[in-house]
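Dear colleague,

Please find the structure below, handed over for your records. My findings follow it.

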Amino acid sequence: MASPTVKLNSGYDMPLCGFGLWKVSNDTCADTVYNAIKAGYRLLDGACDYGNEKECGEGVARAIKDGLVKREELFIVSKLWQTFHDVDRVEPITRRQLADWQVDYFDLFLIHFPVALEYVDPSVRYPPGWHYDGDKEIRWSKTTNQETWGAMEGLVEKGLARSIGVSNYQAQTLYDTLKYAKIRPATLQIELHPYLQQVELVKLAKHEGIVVTAYSSFGPTGFIELDMDNAKTAAPLMEHDAIKAMAAKHNKTPAQILLRWATQQGLAVIPKTGRPAVMLQNLDCFNFDLDEEDNKRIAKMELNLKFNKPTNYFPADNLWIFG
Ligand code: NAD
């Protein structure tokens, strides 16, 4: 099974359904990546912060060695962590991440969050996480998003990334980037599901020719395993009456309904699961369409409920007021 693709403003084609790698444990990651490729996924969505890029690289190398796929058929995505926003840190950390993946270019490299933190040497702690001391100290870097974007453009010029993009940007940050970008962001990766539909931001990105990737398509489900309070109290999307009714109507699973709702709008999705049968199920989300009535019902489910924000992870840190 293969995913359809979407053309990026960089000229490259990106699969609309990829495989997410957050919270994939180190001991299962190489096998998970291998199995995802075997199931037909070609886009792998990683990040320094996920702490499993070495194992991702092992899975990719094994899949290539076994003849499942060629490097050029894969679309490997990774992200720049905040402690590496200083201009002279961008290229060295990208090279390290490429070495972990055992590849010599990323298909897409994203700024993970538009917030620069002070550099933490990888020999001290890797991945560095949010806190300077690995515990609770916040140290900002003075580097601006404009400076970091310039260094990201340098990665394209050096052939280390084919396309570059941003994540967790809101409208103003995006507008700002577009003012100075010599290379425009190819994609915007944001949390997006029926409880957080991001209608205006999607409209803006589309208008500017930027493809949106929706992460956490199943809403609270991915955050319950982090014991997050607002995820535990939210009604699970896959058990929502409206979603279940659509699943029955189209003879699909609730997960497929949630993924199709996004891809039908031209958004890319990156679900994750460790189970091969569910990998296949999630990739198989293109051969039907939601109708107008379905889309109207989902539109009414908007709650402006965001799970992936720093204040949810660190409730005691009242400094984290962004995103
Ligand atoms: P997810 O899409 O992986 O879903 C959450 C949970 O749903 C998974 O743990 C899985 O067990 C379960 N699930 C998956 N398919 C299912 C199915 N068909 N039926 C029942 N349960 C199913 O959510 P996520 O991890 O929040 O996000 C997906 C990916 O998005 C991540 O792996 C990561 O690559 C990316 N992401 C990026 C950011 C960012 O800041 N840029 C933040 C969060 C996630």
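In the shell around the ligand, α11 contributes the largest share, 3 residues. Helices here are DSSP runs of H or I with at least four residues, strands are runs of E with at least two, and both are numbered from the N terminus. Both α7 (221-224) and α11 (276-283) supply at least two residues of this shell.

The model is a predicted one: local features need pLDDT of at least 70, side-chain atom pairs count only at pLDDT 80 or more, and totals for chains, interfaces and linings use all residues. Residues are numbered from 1 along each chain as its sequence is written.

The ligand is surrounded by 26 residues, where near means a C-beta atom, placed from the backbone, within 6 Å of the molecule. The closest are G20, Y215, G222, A255 and K272. By class, the shell holds 9 nonpolar, 14 polar and 3 charged residues; Ala, Val, Leu, Ile, Met, Phe, Trp, Tyr, Cys and Pro count as nonpolar, Asp, Glu, Lys and Arg as charged, and the others, Gly among them, as polar.

UniProt lists H112 under "binding site" in an unreviewed entry; such positions follow the numbering used here, feature names are shortened, and annotations may be inferred rather than shown by experiment. H112 lies in the loop between β6 (106-111) and α4 (145-157). H112 is buried because 20 other C-beta atoms lie within 10 Å (buried: 20 or more other C-beta atoms, placed from the backbone, within 10 Å of its own; exposed: 12 or fewer; partly exposed: in between).
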